[in-house]
Amino acid sequence: MTWKMNKSGIKLSSQMKKVFWRWYFFGQAGWNYEKMQGLGYYYSTYPLIEKLYGNTPDGAEVALNELQFFNTNNSMAPIILGVDGAIQEHQGITANDAIASLKTGMMGPLAGIGDTLFAVIPNTIIGSIASYMALKGNPFALILWVMFGFLRLGVMRSFFFMGYKEGVKLINSLGDRLKKITSAANILGMTVIGALIPSVVTAGFVYKFKNGGVTMSIQSIADQIMPGLAPALVVFLTYWLLGRKKMNSTRVTLLLILIGILAHNLKIFA
């Protein structure tokens with residue numbers, strides 16, 4: 001498969017081509033519960049980082065930024081990688097915050113779209129047809145699934161170039177207004193993270209104050225003050241702990257488990 005210049009005159013560098021193929025073959029490599037696809041994302045962007053920054057402090061800072069938590073649909077991720085690469089090539093380390101926020105803001109919506117288009121639909125429709133044909137001994141079942149694999153590769157390639165092209169257009173059209181983009185991206189990223197807290201973190205106050213025949217639920221009071229207060233407190237505690245010396249994600253996880261067990265037995269949280 002060749003990489004050609006499109007009508008806009010934008011052409012992918014050799015490093016960007018490597019970024020795509022690394023993601024295609026190794027995007028899920030090193031998947032873990034702490035950063036999920038973060039390691040695969042960094043591995044994919046490494047050729048570009050090495051070319052732009054080399055063995056410099058800026059390169060180390062960018063590498064750490066790209067190594068952060070990342071999780072989206074594997075087939076939709078090339079859009080983010082394309083935008084990331086375009087901004088890196090044109091703005092360098094000054095766009096670090098913008099890239100981190102754009103990744104955070106884009107990976108959620110793209111995951112929902114990608115899971116439907118490239119997981120639920122093909123697994124249900126194409127997988128069912130291919131399975132039925134295979135049970136009947138029809139060799140076309142394997143060919144059908146392989147054909148979908150090539151179709152997915154072509155779509156991912158198109159997504160990658162689309163992301164890169166839009167990233168270039170974003171830089172060229174807005175120029176020195178990148179600070180405003182960064183601020184907007186930061187707001188988007190924080191909004192997405194904030195919205196995820198009550199849906200991902202399950203916590204609540206179970207303590208009830210009793211005085212005679214009167215019973216008052218702490219959870220009902222907390223809901224009137226701020227719905228999702230308990231999950232927000234858990235996230236705040238986690239964030240604070242991760243900033244302490246000699247603390248890492250494993251120790252924080254074990255500490256949260258201990259706190260959860262104690263709080264549940266003392267009838268404080270659930």
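**A loop glutamine and an aromatic cluster**

Modeller: In this predicted model, Gln 37 is found in the loop that runs between α1 (14–26) and α2 (38–53).

Colleague: Is Gln 37 buried or exposed?

Modeller: Among the residues that Gln 37 touches, leaving aside those up to four places away in sequence, are Trp 23, Trp 31 and Phe 70. Its relative accessibility is 2%, and because buried means under 20% relative accessible area, Gln 37 counts as buried.

Colleague: With which side chain does the side chain of Gln 37 make a polar contact?

Modeller: Gly 27, Gln 28 and Asn 74 are also included in the residues touched by Gln 37. The polar contact between side chains, at 2.4 Å, is made with Gln 28.

Colleague: How many aromatic pairs does a search of the whole structure find, and what kind of pair do Phe 20 and Phe 160 form?

Modeller: The search of the whole structure finds 15 aromatic pairs. For Phe 20 and Phe 160, the centres are 5.5 Å apart with 50° between the planes, and the pair is tilted.

Colleague: Which helices does the pair of Phe 20 and Phe 160 link?

Modeller: Phe 20 is buried at 1% relative accessibility, and Phe 160 is likewise buried, at 0%. The two residues are 140 apart and the pair links distant parts of the chain, namely helix α1 and helix α6 (residues 140–174).

Colleague: Over which ring does the charged end of Arg 22 sit?

Modeller: One aromatic cluster includes Phe 20, Tyr 43 and Phe 160. The charged end of Arg 22 lies 4.1 Å from the centre of the ring it sits over, that of Tyr 43.

Conventions:
Residues numbered from 1 in each chain as written. Predicted model: local features only at pLDDT ≥ 70, side-chain atom pairs only at ≥ 80, totals over all residues. Heavy atoms only, no water. Helix = DSSP H or I, 4+ residues; strand = E, 2+ residues; numbered from the N terminus. Buried < 20%, exposed > 50% of the residue type's maximum accessible area, 1.4 Å probe, protein only. Polar contact = N/O pair within 3.5 Å; in protein donor to acceptor, adjacent residues only side chain to side chain. Contact = heavy atoms within 4.5 Å. Phe/Tyr/Trp six-rings, centres within 6.5 Å; stacked < 30°, edge-to-face > 60°. Lys NZ or Arg CZ within 6 Å of the ring centre and 35° of its normal.
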